[in-house]
Amino acid sequence: ANGGTRWTIDSSGHLLPNTAGAVNIGSATAEIGDVYIADDKKLYLGSSQDVEIYHSAGNVTMFDSVNNRQVQLKGDGGLLIRAGGNQNIAILFNLV
């Protein structure tokens, strides 16, 4: 192939790409299997890592830090939807 380092494992054990955004894990036709993430750890999306998806205390949360918007599936069966900006709107449904 065209050589060069694509991945580095740093002294803390973190797997890091040599160039941000330049390598993939899997593809549309060669998917990887399951990915396991511990409680209270987050999946960050976007170049600015401004969207977070995480599981904590029985809740599953998607959070948009730029606009302060949140959707949360609550461990008790409820659903929380929070609008962002200067609005302080919270809608809580208990689906049980």
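Student: Which residue lies over the face of Tyr-54?
Tutor: Lys-42 does, at 4.7 Å from the ring centre. Keep in mind that this is a predicted model.

Student: What else does Lys-42 do, say with Glu-52?
Tutor: Lys-42 and Glu-52 form a salt bridge. Their closest N and O atoms are 3.1 Å apart.

Student: Which parts does that pair tie together?
Tutor: Lys-42 is in strand 3 and Glu-52 is in strand 4, so the pair links parts ten residues apart in sequence.

Student: How many salt bridges turn up in the whole structure?
Tutor: The search finds two. The Lys-42 and Glu-52 pair is one of the salt bridges.

Student: And how many aromatic pairs?
Tutor: Zero, across the whole structure.

Student: What sits between strand 3 and strand 4?
Tutor: Five residues, and the two strands form a hairpin. Gly-46 in the turn has a positive phi of about 95°.

Student: Which residue is the partner of Glu-52 in strand 5?
Tutor: Phe-63. Strand 4 and strand 5, residues 59-64, pair in the antiparallel sense over six bridges. Ile-53 stands opposite Met-62 of strand 5.

Student: How many residues separate the strands in the hairpin of strand 4 and strand 5?
Tutor: Two. Ala-57 takes a positive phi there, near 50°.

Student: Where does Met-62 find its bridge partner in strand 6?
Tutor: At Val-71. Strand 6 spans residues 69-73 and pairs with strand 5 in the antiparallel sense, over five bridges. Their hairpin has four residues between the strands, and Asn-68 takes a positive phi near 55°.

Student: What classes of residue make up the lining?
Tutor: Nine nonpolar, three polar and one charged.

Student: Lys-42 keeps coming back. Where have we met it?
Tutor: Over the face of Tyr-54, in the salt bridge with Glu-52, and among the residues closest to the centre of the largest pocket.

Key:
Residues numbered from 1 in each chain as written. Predicted model: local features only at pLDDT ≥ 70, side-chain atom pairs only at ≥ 80, totals over all residues. Heavy atoms only, no water. Phe/Tyr/Trp six-rings, centres within 6.5 Å; stacked < 30°, edge-to-face > 60°. Lys NZ or Arg CZ within 6 Å of the ring centre and 35° of its normal. 1 Å grid on protein atoms, 1.4 Å probe; cavity = no way out; pocket = protein on both sides within 12 Å on 5 of 7 lines; lining within 4 Å. Nonpolar A, V, L, I, M, F, W, Y, C, P; charged D, E, K, R; others polar. Pairing = 2+ DSSP bridges. Salt bridge = Lys/Arg side-chain N within 4 Å of Asp/Glu carboxyl O.
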